[in-house]
Amino acid sequence: KAVMGGAYPLSNNGYRHGTLADGIISRLPLANHAVFFKIMDFEGLFMSRQDGAAHARLRRISSRAFTARRINELRGSIQAHVDFLVAEMLRKPTPDVKTDLADQLPVRVICDLIGVPQDDREMIKEWSEAIAAFMSVDEGSLRRADEAVDAFRDYIQAMIHRVRTTGGGPELARLLLDGREQEAMTEDELIATYLVLLFGGSETTTNLLGNGFLALQRHRDQWDRLVADPTLVRGAVDELMRYDSPHHYLPRLATEDFAIGDERIRAGETVIVMMGAANRDPEVFGDPERLDLTRPNRGDHLSLAFGPHYCLGAALAKMEGDLVFTTLVTRFPQARLRTDEITYGGSAMLRAIRHLPTALT
């Protein structure tokens, strides 16, 4: 918490600068360096990678879209999406909770929030997946991420133009472009904000749903507790995030020399903040290897970060988890995984299960 809360001289853009970035660049052919820096410089505009006053300003503007009222207004539409996806799963001979539900729901929800028409959503999902794969950098993922970022930029620029010329368009764009109190985003900042909302609001929530379902299936006593009392689900989402964090680490850049305990950190070095490990700290969580949905301090996990950079969409992610798991335990109390062989994709940073084939009834 001290590291995430700002107690040490660390910058949040450890993706673009520092020893980790240097190592990635050294493994790439020289011809790919310009594209790498192009993507990194654009992603440097993300609110999550800004520091100090710049971060605070972007967060103030972005928070207009994440009021409690706006999030609560999404509950009905999220439940409708869950019901639709579950109905689609029931039509399949071998439904898959990961690919048919966890992969699909978050991008639908975030597209509702950012105002993407239904016909464009599969395209948006493909871009999001290409950008997520960039976390494991090679020539192929670099090229696909570059193409996806360019396509997304063109898409959002066209939307901004419509908002500015007609006054209509998605409410989110109008809120972020609104110059109230002399604070509004530039066009590049708005495009970057849309992209980080798309990625942060879909990929990590997808992993929360997939990892959470797997944990409940592997700890059948905890699944049965939810079946017996679905009102426990809302609080259980925090324990599921603690037990198997959707996002296992974040890179930070040391801006000065300092020490953490006996470890000396030099300016320019990358510090890897392991939320997944912190969530199993026995000094904080008693018997941390045990899944306990009613753990008293389950909300102390760091899967949603901590301090000034606490996840802006935390309430939305938790609502999606609440509605999905409540639906599953009430409608399919006997649901069982069809396999014990679970494979992961994505990157070391993102805890992404590939498939969860499930017998629902």
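In the predicted model, helix 9 and helix 10 cross with a left-handed sense. Two packed helices are described by the angle between their axes and by the distance between those axes. Helix 9 covers residues 121-133 and helix 10 covers residues 139-166. Their axes come within 8 Å, and the crossing angle is roughly 135 degrees. Helix 9 is therefore oblique to helix 10, since an angle has to be over 145 degrees to count as roughly antiparallel.

On the side of helix 9, the contact is made by Met123, Ile124, Trp127, Ala130, Ile131 and Ala133. These residues meet Ser141, Arg144, Ala145, Ala148, Val149, Ala151, Phe152 and Tyr155 of helix 10. By residue class, the contact of helix 9 with helix 10 consists of twelve nonpolar residues, one polar residue and one charged residue.

Two or more lining residues come from each of helix 7 (97-102), helix 9, helix 12 (187-218), strand 7 (344-346) and strand 8 (351-353). In the lining of the largest pocket, six residues are nonpolar, nine are polar and six are charged.

Technical notes: Residues are numbered from 1 along each chain as its sequence is written. This is a predicted model: local features need pLDDT of at least 70, side-chain atom pairs count only at pLDDT 80 or more; totals for chains, interfaces and linings use all residues. Side-chain values use heavy atoms; hydrogens and water are left out. Axes are lines fitted to C-alpha atoms, for helices over the stretch in contact, and angles run from 0 to 180 degrees between N-to-C directions. Helices (H or I, at least four residues) and strands (E, at least two) are DSSP runs, numbered from the N terminus. Angles under 35 degrees count as roughly parallel, over 145 as roughly antiparallel, 65 to 115 as roughly perpendicular and the rest as oblique. A crossing is left-handed if the near helix is turned anticlockwise from the far one by less than a right angle, and right-handed if clockwise. Contact means heavy atoms within 4.5 Å. Ala, Val, Leu, Ile, Met, Phe, Trp, Tyr, Cys and Pro count as nonpolar, Asp, Glu, Lys and Arg as charged, and the others, Gly among them, as polar.
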